[in-house]
Amino acid sequence: MQQLPTVDYQSPNAAKEFVESLRNTGFGVLKNHPIPQELVESIYKHWQEFFNSEEKHEFLFNKETQDGYFPPEVSEVAKGFTVKDIKEYFHVYPKGRVPAQLEAEIREYYRLANEFAQELLSWVQAEAPEDVRARFSIDLKDMIKESEQTLLRILHYPPMTGDEEPGAIRAAAHGDINLLTVLPAANEPGLQVQRQDGSWLDVPCDFGSLIINIGDMLQEASGDYFPSTIHRVINPTGKASTKSRISLPLFLHPRPDVVLSERYTADSYLQERLRELGVK
């Protein structure tokens with residue numbers, strides 16, 4: 001199966017190549033980027049320990065604030081599906097709860113990834129045609145500035161047991177709600193992106209790669225110029241099925257009052273989608 005191309009962040013043509021990849025596939029993969037790999041590896045290790053512990057149940061999610069721990073039985077059902085994904089996860093917001101022993105590290109990652117994301121949004125805006133740029137109510141990077149809606153999700157896909165519900169996979173095909181999603185390569189493969197012809201491309205999981213995809217809000221704000229791409233996480237087979245998979249997506253959300261289009265503010269769009277997902 002074909003893989004997405006990888007763009008070298010330090011290349012002089014990085015911005016152009018990255019935005020071209022986003023435009024053509026909805027995804028961009030970066031290497032030699034400034035997010036420290038040691039920090040990501042340490043987060044994976046410490047959060048795996050957290051998900052293996054009973055402590056996670058003390059942080060059960062709050063339906064109003066959407067922060068905290070979401071157990072497998074309340075995991076999302078992707079739009080158009082009836083079976084829950086095989087995963088559990090923890091939501092970190094700027095003012096949300098985090099276990100004390102994990103806080104310093106995850107807050108530092110949140111800060112670094114957010115700063116880097118502003119640069120990526122600047123690339124997207126600079127490389128967009130003039131008529132698309134004219135649609136943006138404010139600069140893309142300023143949409144997420146001081147946003148308390150940007151969400152860091154620590155995802156745990158447990159090892160397969162053989163007792164999974166028929167048709168269930170780790171993450172059913174879905175699009176993201178937000179502007180861009182920033183994701184360090186997971187510790188196990190499985191992420192795939194759908195092409196326009198319906199076939200699937202593997203997303204590289206070389207440790208140290210950073211994967212960025214377009215969400216529905218950027219598609220809305222750009223008048224469909226930047227396509228929100230359907231993606232999924234497939235179930236592992238063989239020896240890999242005995243392993244956990246940890247993933248660390250940062251979902252870049254504008255402040256609630258930001259105008260996306262004539263139809264939506266960021267808040268009205270988000271509330272509509274949360275209701276569709278059944279978590280609101």
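Modeller: Start with K56, which lies in the loop between α2 (37-51) and β3 (68-70); helices (H or I, at least four residues) and strands (E, at least two) are DSSP runs, numbered from the N terminus. Keep in mind that this is a predicted model, where local features need pLDDT of at least 70 and side-chain atom pairs count only at pLDDT 80 or more, while totals for chains, interfaces and linings use all residues. Residues are numbered from 1 along each chain as its sequence is written, and side-chain values use heavy atoms, with hydrogens and water left out.

Biologist: Why is K56 called buried?

Modeller: Buried means under 20% relative accessible area, exposed over 50%, and partly exposed in between (1.4 Å probe, protein chains only). K56 has 10% relative accessibility, so it counts as buried.

Biologist: Which residues is K56 in contact with, apart from its neighbours within four places in sequence?

Modeller: F50, F51, Y69 and E88. Contact here means heavy atoms within 4.5 Å.

Biologist: What about N32, is that buried or partly exposed?

Modeller: N32 has a relative accessible area of 40%, so it is partly exposed. It's found in the loop between β2 and α2, and its phi is positive, about 55 degrees, although N32 is not a glycine.

Biologist: And what makes D224 exposed?

Modeller: Its relative accessibility is 54%, so D224 counts as exposed. D224 sits in the loop between α6 and β11. It isn't a glycine, yet its phi is positive too, near 75 degrees.

Biologist: What makes β2 a mostly covered strand?

Modeller: Four of the five residues in β2 (residues 27-31) are buried.

Biologist: How do you know that β1 and β2 pair?

Modeller: Two strands pair if DSSP finds at least two bridges between them. Strand β1 (residues 6-8) and β2 have three bridges, in the parallel sense, and V7 has L30 in β2 as its bridge partner.

Biologist: How many bridges does β2 have with β10?

Modeller: Four, with β2 and β10 (residues 210-214) pairing in the antiparallel sense. V29 has I211 in β10 as its bridge partner.

Biologist: What makes β6 and β9 edge strands?

Modeller: They belong to an open, antiparallel sheet of four strands in the order β6-β11-β8-β9. β6 (171-174) and β9 (200-202) each pair on one side only. For β6, two bridges join it to β11 (residues 231-233), and A171 stands opposite V233.

Biologist: How do you know that the span of α7 is close to what's expected?

Modeller: The expected span is 1.5 Å times one less than the number of residues. With twelve residues (266-277), α7 reaches 17 Å from its first C-alpha to its last, close to the expected 16 Å.

Biologist: Why are the buried residues of α7 said to be on the same side?

Modeller: They are A266, Y269, L270, R273, L274 and L277. They cover an arc of only 130 degrees around the axis, which puts them on the same side of α7; the arc is that of the directions from the helix axis to the C-beta atoms. The buried residues of α7 pack against α6 (216-221).
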